[in-house]
Every structure is written in structure tokens, then in C-alpha cells.
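Dear colleague,

Please find below the structure that I am handing over to you. My notes on it follow.

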Amino acid sequence: MPGAIVMGQMNIEMDNAVRLTIKGRPEMARNARAFARANLSRLGCSPSAIDDGELIISELVTNAIKAAPGQEIKISIFPLRKYVVMCVYDPGDGLPRQRQAGSHDESGRGIPIVKQCARRYGAFEVVGGKIVWAMVGRQT
Ligand SMILES: Nc1ncnc2c1ncn2[C@@H]1O[C@H](COP(=O)(O)OP(=O)(O)OP(=O)(O)O)[C@@H](O)[C@H]1O
Ligand SMILES: [Mg+2]
């Protein structure tokens, strides 16, 4: 699905979004994980898709907190027909970039994990920050 179509679809479906704003502090990641789990479950994700979604949110929110410490990070979750979209906005500079993580590296693992666990993944700049998004499957 090309990005433009994803965005067009998102624009309509975002009316159904649930949203959570957290402060960019490391201890807030668990709130984001609980929020994701509850909503992925409500929206008909399988147990393994819920686990994938929790891991994805954990990585994306951790990255957002590093990019925008102390600032407001906004999470939104909404359903498409076959997927649930999770978006994480932060007001920091830059975009995710995949690093060449060697087997002994202790960082640079987040984005590869997200790519592995997500059905689709992307990022784009917005005025005042960026949104990193990922989709997991949904049973309807
Ligand atoms: N929300 C973001 N805003 C700005 N830059 C980001 C964001 N997310 C990721 N990046 C950039 O992409 C790089 C790769 O992210 P990734 O999550 O793979 O690794 P990491 O966060 O450095 O380490 P790890 O996730 O293994 O702790 C980051 O080091 C950072 O430079
Ligand atoms: Mg990371």
C-alpha cells in the first residue's frame, strides 16, 4: 500500500482514533504499553498481534522520549479493516534511521524490531515534529 493511500485512509479513519498524551520520561513507556494492549485487544487483534503491537509501541515511544525528553508525546491508535494503526508523534528533530547493528551492539535494535513485528511501518515529518507509525493485523 503506497504511503499516499495509507495517509488518505488514515485521514478518514482517524475520527475513530483513541489518543494518549504522555510526558517524555522513560517511566511513561509502561503507560503507553498498557494503552496499546488494551486498545489492540478491543479492536480484535490476536494475542500475538497484541504482543507485536506492545513491542512496537515500546520501541517507538522509547525513541520518541529520547528524541524529545520532557516534552509531550502523542500516541493515537485507530482501526482500518484489516489492520490497526499506531502512531507516535514527538516534537524532536530527525527521523528514525536504520543503523547497521552488529550482533554485539546494544543499541540500534529498535527500528529493526519494529520492521520485523509490523505489517507496515513508516515515518514522516509534520510541522513541529514527526509521526512514526506501524500497523499490526486485525481479525474482523
Ligand atoms: N522518534 C525519533 N526521532 C528522531 N530520531 C529517531 C527517532 N526514532 C529513531 N531515531 C533515530 O534512529 C536511530 C535508530 O533507532 P533505533 O530505535 O533502531 O536505535 P536506538 O534507539 O539508537 O537503540 P535501541 O532502540 O536499540 O535502544 C536512533 O539512534 C535515532 O538516531
Ligand atoms: Mg530505539
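By class, which residues make up the shell around ligand 1? The shell has six nonpolar, six polar and five charged residues, where Ala, Val, Leu, Ile, Met, Phe, Trp, Tyr, Cys and Pro count as nonpolar, Asp, Glu, Lys and Arg as charged, and the others, Gly among them, as polar.

This is a predicted model, in which local features need pLDDT of at least 70 and side-chain atom pairs count only at pLDDT 80 or more, while totals for chains, interfaces and linings use all residues. Residues are numbered from 1 along each chain as its sequence is written, and chains are lettered from A and ligands numbered from 1 in the order in which they are written.

Asn63, Ala67, Ser107, Gly110 and Ile111 come nearest among the 17 residues around ligand 1 (a residue is near if its C-beta atom, placed from the backbone, lies within 6 Å). The element that gives the most to this shell is α3, with four residues (helices, H or I, of at least four residues and strands, E, of at least two are DSSP runs, numbered from the N terminus).

Turning to α2 (29–42), Ala32, Phe35, Ala36, Asn39 and Leu40 are buried there (20 or more other C-beta atoms within 10 Å of its own; exposed means 12 or fewer, partly exposed in between, with C-beta atoms placed from the backbone). Seen down the axis of α2, these buried residues fall within an arc of 120°, so they line one face of the helix (the arc is that of the directions from the helix axis to the C-beta atoms). The face turned away from them carries the exposed residues Arg30 and Arg42. After α2 comes glycine 44, with a positive phi near 85°.

Yours sincerely
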